[in-house]
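Reader: I have a model open and would like to talk through how it is put together. Could you take my questions one at a time?

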Amino acid sequence: MTRPDQTPLVSIGELATIPEADYCYGTGPLRLRVTQAPAGLTHPGLEWVELTGVEIRPDSTEARGGRPRTALVRVAALRSRSAGGET
């Protein structure tokens, strides 16, 4: 779940903002408070990962009554965030 430098790409409890182009089946940026650690992030050729969490609206309230949402997210988007890109 971590890269060789031991920095996780995403942590439980983190609020991740994923641009529309970097996740499947949604409109606009996705703001997700991560509730489960995604599996397989150490695989160097991995392109997509399932990210599970609670969607957060722009006003900081929980969407969908707080029910979990799983989104297919580009690993490259997570890598760019952890390298100092968008949060």
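Predicted model: local features only at pLDDT ≥ 70, side-chain atom pairs only at ≥ 80, totals over all residues.

Reader: Fine, then which class does Glu62 fall into?

Author: Glu62 counts as partly exposed, because its relative accessibility is 36%, a value between the 20% and 50% cut-offs.

Reader: And what does the side chain of Glu62 meet in a salt bridge?

Author: The side chain of Glu62 meets that of Arg33, with 2.8 Å from N to O. This pair links distant parts of the chain, since Arg33 sits in strand S2 and Glu62 in the loop between S3 and S4, 29 residues apart. Arg33 is partly exposed as well, with a relative accessible area of 30%.

Reader: What is the bridge partner of Arg33 in S3?

Author: That partner is Val54, and the two strands concerned, S2 and S3, pair in the antiparallel sense over four bridges.

Reader: Let me step back to the sheet: how many strands form it, and in what order?

Author: Four strands form an open sheet in the order S1-S2-S3-S4, with antiparallel pairing. S1 and S4 are the edge strands, each pairing on one side only, and from one strand to the next the twist averages 55°.

Reader: How many bridges join S3 and S4?

Author: Seven bridges join strand S3, residues 48-55, to S4, again in the antiparallel sense. Within that pairing, Glu50 of the one stands opposite Leu72 in S4.

Reader: How many salt bridges does the structure hold?

Author: It holds three, and the one I have yet to describe joins Arg74 with Asp22, where the closest N and O atoms are 3.3 Å apart. Here Arg74 belongs to strand S4 and Asp22 to the loop between S1 and S2, so that distant parts of the chain, 52 residues apart, are linked.

Reader: Are those two residues buried or partly exposed?

Author: Arg74 counts as partly exposed because its relative accessibility is 33%, while Asp22 is buried, with a relative accessible area of 19%.

Reader: Changing topic, which residues have the most contacts inside the largest nonpolar core?

Author: That core has 15 residues, and those with the most contacts inside it are Ile18, Tyr23, Leu30, Leu41, Leu51, Val73 and Leu78. Strands S1, S2, S3 and S4 and helix H1 each supply at least two of its residues, and S2 gives the most, with three.

Reader: Last one: what is Tyr23 in contact with, leaving aside its neighbours within four places in sequence?

Author: Tyr23 is in contact with Ile18, Gly28, Pro29, Leu30, Trp48, Arg69, Ala71, Leu72 and Val73.

Notes:
Residues numbered from 1 in each chain as written. Heavy atoms only, no water. Pairing = 2+ DSSP bridges. Core = buried A, V, L, I, M, F, W, Y, C linked by side-chain atoms within 4.5 Å. Buried < 20%, exposed > 50% of the residue type's maximum accessible area, 1.4 Å probe, protein only. Contact = heavy atoms within 4.5 Å. Salt bridge = Lys/Arg side-chain N within 4 Å of Asp/Glu carboxyl O. Axes fitted to C-alpha atoms, helices over the stretch in contact; angles between N-to-C directions.
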